[in-house]
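Let us take a walk through a protein chain together, one piece at a time. Keep the picture beside you as you read.

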Amino acid sequence: MNTTMAAPPPNFWGDMPENEYYKSQGVTNFKSYFKTPHGTIFTQSFLPIPHDNNNNVVTLNTSSTYSTGPCIAPSHVKASVYMTHGYGSDTSWLFQQTCITFATWGYAVFTADLLGHGRSDGIPGYIGDMDKAAAASLSFFLNTRRSDQYRHLPAFLFGESMGGAVTMLMYFQSPPDTWTGLIFSAPLFACTQDTKPSRVRLFMYGLLLGLADTWAAWPEEKKLGNAIKDFEKLKLMLQNPRRYSGRARVGTKREVARMEDYLQNNFHKVKAPFLAVHGADDGVTSPAGSEMLYNKASSVDKTLKLYQGMYHSLIQGESDENVKLVLSDMRAWIDERVIKYGPTCEVQ
């Protein structure tokens with residue numbers, strides 16, 4: 001009897017070659033590595049394939065003055081969007097579904113593996129300094145944002161789960177008026193009781209004077225029943241060959257606790273338009289964090305959407321019907337802001 005288990009597919013969509021799959025979705029994909037002061041990060045871009053008035057594909061000029069993709073005429077895209085994934089994830093598995101979707105709406109999407117994730121530098125699953133992780137990704141994003149292709153177009157930051165916290169740090173680190181708006185999907189602004197780091201345990205590890213910072217030694221947390229609702233999508237998510245599946249590292253937990261306090265104390269500094277979406281039954285990041293942002297932010301244009309009965313992974317782990325609803329709300333919001341605001345400024 002043959003008990004050999006079948007190898008997982010090379011991509012979440014199966015065996016179809018990448019270029020063929022992306023073309024079938026109406027986008028082009030470009031991959032590169034980008035050197036930052038804090039390490040080299042793996043980056044991707046997803047661009048809508050332009051069509052002429054007869055719906056024929058227009059051949060792109062792949063020459064570029066920077067390393068993220070083709071020189072694409074501004075008329076082919078509405079705006080640029082810069083996306084950051086969550087903890088344990090990366091840009092090369094299910095997260096890219098979000099990137100592809102936004103690209104099909106007419107947006108140029110740029111994304112990067114966080115330090116310690118995917119194919120970027122760092123210890124897997126370790127973010128001991130979230131400010132540096134944010135600064136590394138931001139250096140790539142600003143390089144693109146300031147390029148001749150995109151400097152005159154509206155630009156948005158997008159962050160999912162822990163990537164929401166990193167995205168907020170990028171916003172704080174950016175010059176004023178760099179970003180037209182911000183989008184947060186189940187952002188890590190407040191932990192649930194099941195995921196909140198124990199202050200006592202953090203103190204005890206702290207007595208080791210940082211020696212334990214990179215240890216994958218954090219005790220297993222309570223079962224997170226309200227993270228992924230669709231079991232088939234959970235199985236697909238677990239097949240990600242670059243997913244970090246070990247125990248949480250001590251320094252990452254320490255940094256999450258520090259950032260939770262820091263961000264909550266600085267929400268009043270947020271002035272940009274933003275959309276925050278959160279599952280009301282999220283078992284990983286508390287909806288109270290998004291509510292706190294909405295109540296404290298100085299932004300005149302701010303939107304909070306709480307989805308009753310939905311869990312943490314709103315785009316990758318809910319039913320197709322729920323995913324469609326969330327994405328529809330995101331599309332309506334960003335399309336309206338592109339028309340309403342246009343470019344906030346000519347970025348220097």
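Which residues of strand 7 lie on one side and which on the other, and are they buried or exposed? Before we answer, keep in mind that this is a predicted model. On one face of strand 7 you will find Phe-274, Ala-276 and His-278, on the other Leu-275, Val-277 and Gly-279, and all of them are buried. Strand 7 covers residues 274–279, and because six of its six residues are buried, it is largely enclosed by the rest of the structure.

Now look at the partners of this strand. Strand 6 (residues 181–185) pairs with strand 7 in the parallel sense, over four bridges. To find your way there, look for Phe-184, which stands opposite Ala-276 in strand 7. Strand 8 also pairs with strand 7 in the parallel sense, this time over six bridges. Here Gly-279 is a handy landmark, as it stands opposite Tyr-307 in strand 8.

Next, turn to strand 3, which spans residues 79–84 and is mostly covered, with six of its six residues buried. Ala-79, Val-81 and Met-83 point one way from strand 3, while Ser-80, Tyr-82 and Thr-84 point the other way, and all are buried. Strand 3 runs parallel to strand 4 (residues 107–112), and five bridges join the two. Across this pairing, Tyr-82 stands opposite Phe-110 in strand 4. Strand 3 also pairs with strand 5 (residues 155–160), again in the parallel sense and over five bridges. In that pairing, Met-83 has Phe-158 of strand 5 as its bridge partner. A helix belongs to this part of the picture too: strand 3, helix 2 (residues 95–104) and strand 4 make a right-handed β-α-β unit.

Let us move on to helix 7. It has 15 residues and reaches 22 Å from its first C-alpha to its last, close to the 21 Å expected at 1.5 Å a residue. Eleven of those 15 residues are buried, so helix 7 is largely enclosed by the rest of the structure. Among the buried ones are Val-250, Val-256, Met-259 and Leu-263, but also Lys-253, Glu-255 and Glu-260.

Glu-255 deserves a stop of its own. This residue sits in helix 7 (residues 250–264). What does Glu-255 contact, leaving aside its neighbours within four places in sequence? The answer is Ile-127, Gly-128, Asp-129, Met-130 and Asp-131. Glu-255 has a relative accessible area of 1% and is therefore buried. Glu-255 is also part of a network of salt bridges, which links Asp-131, Asp-213, Arg-254, Glu-255 and Arg-258.

Arg-254 forms a salt bridge with Asp-213, and their closest N and O atoms are 3.0 Å apart. The two come from distant parts of the chain, 41 residues apart: Arg-254 is in helix 7, and Asp-213 is in the loop between helix 5 (199–206) and helix 6 (231–238). Arg-254 is partly exposed, with a relative accessible area of 31%, whereas Asp-213 counts as buried at 15% relative accessibility.

How many salt bridges are there in total? The count comes to 13. Another one to visit joins the side chains of Glu-318 and Lys-229, at 3.6 Å from N to O. Glu-318 lies in the loop between strand 8 (302–307) and helix 9 (320–341), and Lys-229 in the loop between helix 5 and helix 6, so this pair ties together parts that are 89 residues apart in sequence. Glu-318 counts as buried, at 0% relative accessibility, while Lys-229 is partly exposed at 36%.

Our last stop is a salt bridge within a helix. Asp-335 pairs in this way with Arg-331, the closest N and O atoms being 3.6 Å apart. Both lie in helix 9, four residues apart, which is about one turn of the helix. Why does that spacing matter here? An α-helix has 3.6 residues a turn, so residues three or four places apart point the same way. At 19% relative accessibility, Asp-335 counts as buried, because the limit is under 20%. Arg-331, with a relative accessible area of 36%, is partly exposed.

Key
Residues are numbered from 1 along each chain as its sequence is written. This is a predicted model: local features need pLDDT of at least 70, side-chain atom pairs count only at pLDDT 80 or more; totals for chains, interfaces and linings use all residues. Side-chain values use heavy atoms; hydrogens and water are left out. Buried means under 20% relative accessible area, exposed over 50%, partly exposed in between (1.4 Å probe, protein chains only). Contact means heavy atoms within 4.5 Å. Two strands pair if DSSP finds at least two bridges between them. A crossover is right-handed if, with the strands pointing away from the viewer, the path from the first strand over the helix to the second runs clockwise. A salt bridge is a side-chain nitrogen of Lys or Arg within 4 Å of a carboxyl oxygen of Asp or Glu. The expected span of a helix is 1.5 Å times one less than its number of residues.
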